[in-house]
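Reader: Could we go through this model together? I would like to begin with its basis and then turn to the details.
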Amino acid sequence: MTATTHAGASGPALATQPVIQVDRVRKIYGQGAAEVRALDGVSVRIAPGEYVAIMGASGSGKSTLMHVLGCLDVPTSGRYLLDGIDVSRLNEAQQAIVRNRKIGFVFQSFNLVSRTSALANVEMPLTYAGVNRRERHRRAQAALRQVGLADRAGHKPNELSGGQQQRVAIARALVTSPTLILADEPTGNLDSTATADILNILDRFHRLGRTIVLITHEDDVAARATRTIRLLDGRVLSDSAHTGRDPGSTTERTP
Amino acid sequence: MMLREVVRFAIRGLVANRMRSVLTMLGIFIGVAAVVVLTAVGNGAGQAISATVSSFGANTITVFADTTTSSDEGRDIRPRELTIADARALEDPEGAPAIARAAPIIQMLGVEARYGYSSHRIETFFGATPSYLDIAEFAVVEGSTLSEDDLAGARQVVLLGRTVADELFGGADPLGERVMIAGAPFTVAGVIVERGEIIGQDIDNLAFVPITSLQQSVTGYGPVDAIIAQATGPDQVNAAEAQILSVLDARYGITDPDDRTYQIFNQATLLDAISTITGLISALLAAIAGISLLVGGVGITNIMLMTVTERTREIGIRKAIGAPRGAILGQFLLEATMLSLFGGGLGVLAGVAVSSIHIGAFQPVVMPSTIVLAFGVTFAIGIFFGAHPANRAAKLRPIDALRYE
């Protein structure tokens, strides 16, 4: 793969190869009068270890950007390098591999496979990566321990609270040690206690050096990140770095 | 390694919807069981008919006088008749070397037999020769069989079938007793080994007397009904048939085969014809049962489409976290195939169990090839009827699938 490590463009911390390098990406749906430019020339670079919040009203293109960043969709034009790999022109099978190896998803609606234990849910990405059973088991247990759910490994999703389900989802996102954690409104369906819980966990993984991209429309959620990118009508409206708000009084679990 | 996991996912999917899985399997189960049972019935019937035909003796050719009268320019042509002399001529080692023996027989149907105050209707009353008994494999279980002396001396002796002996004598010993058959007295020389039933026919309701005695005391010295010729070996049957034609044509001065006054009936040819017909019947039965199998297959497509729709979100999740298309395809294809194979396997077991029941006159026979075929077909049904739903699942785009409510 072509390593594009040359610095100079906008964005902080380009001493190393960026995790995400999006260049003039467009995503256009429909044709002619019905043409919708969901993304209209977005360029973003995200360095390893950054904790970035992507904000915008509905229709601003943040969901489309998330699909592109998550290799769930390919841009109409432009280039997207994930961890140095040009993924904007990959076929479906290659996309699946990239999703499996490089990205950990956390969704608003948890998206656990029902009727399947928490442990099996966490193991699932490793299964598709072809990891053997014992190793899978060990790593999934470790991931559940990291989110404080080691004792709930055998529970089915419907036996867990919303906050617990989302923690299982985070464990599933982490278990493959992905380059990027992509969280799409992870606290959108949670009460304030569970929200604080989830954000603390994300903070902790940020401090451990994980690259996190979080999509949200809540300012206090975005404030936990170190950088906020605002989208409007498929374009980057603003891109500002800030220090992540200190969790302060909220106590944190020991990892 | 991956395959094992996909199998596990598929099993989990089936177990999660136990009731639905069982009902879907039921469709295949019924179809396969029906195919197995009906082909077994077809085979059993065919084997029973073949056994009946074979019971007339191995490698035999039967010669009948042509009993049809044809009109030739307004003039009736009376059927010609076969005689004991014809049979003797067929045993000539010069003229008919492929024929080992030729036995003339006379058959009388529905003949009254009396002993004291008891009476019985004998289904078939034979005038035969010792060689006929030998060809048709009628052995005696009590007393002694007909001898050449009985034949030459036209002795009034009779061999009774088991049914006749039981009806006339109850439990008493019939040997040496005198019975009246067709108005003539015969002394019981022996009782024939019991053969049981073939296709509902009691084949023990018969009696044999020397053909000469029958002619002397009942039918007169006229024609015989048929001559049973036995070839010297299985490979000599066709040669024997040709020799019968040439010997009899010569005796009756026939030059044109259309003028023949007798008919030849080759057992091997008949067996071939029977096996062709029963094969067709079996195939027809299997085809009818196959329709229910088809319906079961459609049931699989139906339930799998439902499952895929219901689990769209799960499919989306799996794809989002990196399941390749093949893994999704494999999972749902396996679910369909397992439904089909489990249903089919149980159907085979049930079919074999039902086929072990004696149906009326014969026993259904399950061929091993039927079982192998049944498994092959159910496997194919799983793949075929699971392909569309599985493909639909595999082709889902993760973003659409995740959005599905």
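Predicted model: local features only at pLDDT ≥ 70, side-chain atom pairs only at ≥ 80, totals over all residues.
Reader: How many helices and strands does chain A have?
Author: Chain A has seven helices and ten strands, taken as DSSP runs numbered from the N terminus (helices H or I, at least four residues; strands E, at least two).
Reader: What is the strand order in the open sheet of four strands?
Author: The order in chain A is 2-1-4-5, with antiparallel pairing; two strands pair if DSSP finds at least two bridges between them.
Reader: Which strands stand at the edges?
Author: Strand 2 (36-46) and strand 5 (85-86) of chain A do; each has a single partner strand, so one side of each lacks a neighbour in the sheet.
Reader: And how many bridges join strand 1 and strand 2 of chain A?
Author: Strand 1 (residues 20-29) pairs with strand 2 over eight bridges, and Ile20(A) is opposite Ile46(A) of strand 2.
Reader: Changing topic, how many residues of chain B are in contact with chain A?
Author: 18 residues of chain B contact 22 residues of chain A, where contact requires C-beta atoms, placed from the backbone, within 7 Å. The elements of chain B giving two or more residues to that side are helix 1 (2-16), helix 10 (312-320), helix 11 (325-355) and helix 13 (398-403).

Conventions
Residues numbered from 1 in each chain as written. Chains lettered and ligands numbered in written order. Contact = placed C-beta atoms within 7 Å.
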